[in-house]
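Please look over the sequence and the model before reading on. A short report follows.

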Amino acid sequence: LAVLLVFIILAALSALAMQRYIAYDENGTPFFRLSERQTDPAPPAEEAPPVQGPDSSDSLEIIVQEPEEPEVPPVFQIYSLTTAPLTPASWEAARAEMGDAFGGVTVTLKDARGTVYFASQTAAEKAVKTVQGTTEALRTITGDEDLYAIARLSCLPDAFAPYMNNNPMGLKKKSGQMFRSGGTTWLDPGKPASRAYLCGLVREIAELGFDELLLTDFGYPTEGKINKINYNTDVPLANNLDLLLSELNTALEPYGILLSVEVPEAVITEGPDAVSGLDLTRLVSRVDRLYAVTAPEK
């Protein structure tokens with residue numbers, strides 16, 4: 001009876017709880033109707049900011065920076081005068097041909113045979129080859145402040161100086177005779193008399209007022225029967241060349257002229273040449289500039 005009473009009470013409570021879900025149709029028939037689930041209303045969508053046109057005062061200006069063009073150094077061209085005694089007339093003709101395209105000029109004052117093209121008091125008399133007006137023309141070149149003047153001097157090949165003062169300067173063979181390469185005798189940079197002779201020449205050139213002195217044919221001969229040369233030294237040949245450059249620098253010091261040397265391209269690309277005595281690492285400490293002899297471009 002107690003259990004039955006409990007069931008009756010639960011049924012009555014369930015009937016009361018279900019009353020809110022009972023509905024009637026148009027015929028009066030009852031049926032269950034579940035209440036609709038209430039959900040939270042969706043938040044209103046955010047409005048996108050208006051797109052500003054090109055005329056808007058708040059528009060963003062984008063600047064694209066173009067890469068800077070590399071600065072190209074100006075081309076500096078040097079005009080090389082013909083190896084010959086210079087005159088005012090020949091210089092005027094060359095100056096007209098140069099125009100404004102050339103910023104400098106090179107003048108050969110001693111060639112590979114030993115001929116000297118200025119009024120030198122140091123060179124052998126037979127070596128000097130000048131004409132009337134040569135000194136005047138050279139002074140005109142060096143006096144032009146807008147022109148860079150280079151004096152070219154072939155250093156060691158010389159057909160005249162080795163025979164001066166009873167032959168104290170020549171590069172000789174082991175037999176005692178003068179060594180020749182290309183039909184020309186050579187100065188021996190290992191001999192004090194040779195170095196003194198060249199120092200005298202470069203002083204005279206510096207006094208003419210040139211901006212730079214370019215030494216060509218600098219180094220011992222590499223052609224001919226070089227195995228017969230008496231180098232008269234036990235030290236590397238580079239030592240004698242280094243000593244020569246040291247004395248030339250001392251001779252040129254009062255004049256403020258640059259000293260440069262022309263060397264074969266192989267000395268730069270391949271390294272020291274024991275035959276010629278040329279060593280790039282030693283040269284750079286003695287000269288202001290180095291020039292390389294290269295093949296002409298095709």
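Is E212 buried or exposed? At 0% relative accessibility, E212 counts as buried. Here buried means under 20% relative accessible area, exposed means over 50%, and partly exposed lies in between, with a 1.4 Å probe and protein chains only.

The model is predicted: local features need pLDDT of at least 70, side-chain atom pairs count only at pLDDT 80 or more, and totals for chains, interfaces and linings use all residues. Residues are numbered from 1 along each chain as its sequence is written, and side-chain values use heavy atoms, with hydrogens and water left out.

**Salt bridges**

The structure holds six salt bridges. Such a bridge is a side-chain nitrogen of Lys or Arg within 4 Å of a carboxyl oxygen of Asp or Glu. Three of them are listed here.

| Pair | N to O distance |
|---|---|
| K110 and D158 | 3.2 Å |
| E212 and R289 | 2.8 Å |
| D242 and R282 | 3.9 Å |

Take E212 and R289, whose side chains meet in a salt bridge. E212 lies in strand β8 (residues 212-216) and R289 in strand β10 (residues 289-293), so the pair ties together parts 77 residues apart in sequence. Strands (E, at least two residues) and helices (H or I, at least four) are DSSP runs, numbered from the N terminus. R289 is partly exposed, at 36% relative accessibility.

K110 bridges to D158. K110 sits in strand β4 and D158 in the loop between β5 (148-154) and β6 (180-181), so this pair joins parts 48 residues apart in sequence. K110 is buried, with a relative accessible area of 1%. D158 is buried too, at 0%.

D242 pairs with R282. The two link distant parts of the chain: D242 is in helix α5 (residues 237-252) and R282 in helix α7 (residues 280-283), 40 residues apart. D242 is buried at 14%, while R282 is partly exposed at 27%. D242, R282 and R286 are linked in a network of salt bridges.

**Helix α2**

Which residues of helix α2 (residues 88-98) are buried? They are W91, A94 and M98. Seen down the axis of α2, these buried residues fall within an arc of 65 degrees (taken from the directions from the helix axis to the C-beta atoms), so they line one face of the helix. An α-helix has 3.6 residues a turn, so residues three or four places apart point the same way. The face turned away from the buried side of α2 carries the exposed residues A89, E92, A96 and E97. The cover over the buried residues of α2 includes β3 (78-80), β4 (104-110) and α3 (134-143). Just after α2, G99 takes a positive phi of about 65 degrees.

**Aromatic pairs**

The whole structure has two aromatic pairs. Rings of Phe, Tyr and Trp (its six-membered ring) pair if their centres lie within 6.5 Å; planes under 30 degrees apart count as stacked, over 60 as edge-to-face and the rest as tilted. Y79 and F102 form an edge-to-face pair, 5.3 Å centre to centre, with 85 degrees between the planes. Y79 lies in strand β3 and F102 in the loop between α2 and β4, so the pair ties together parts 23 residues apart in sequence. Y79 is buried at 14%; F102 is partly exposed at 23%. Y220 and Y231 are also edge-to-face, at 5.5 Å centre to centre and 70 degrees between the planes.

Terms used:
Contact = heavy atoms within 4.5 Å.
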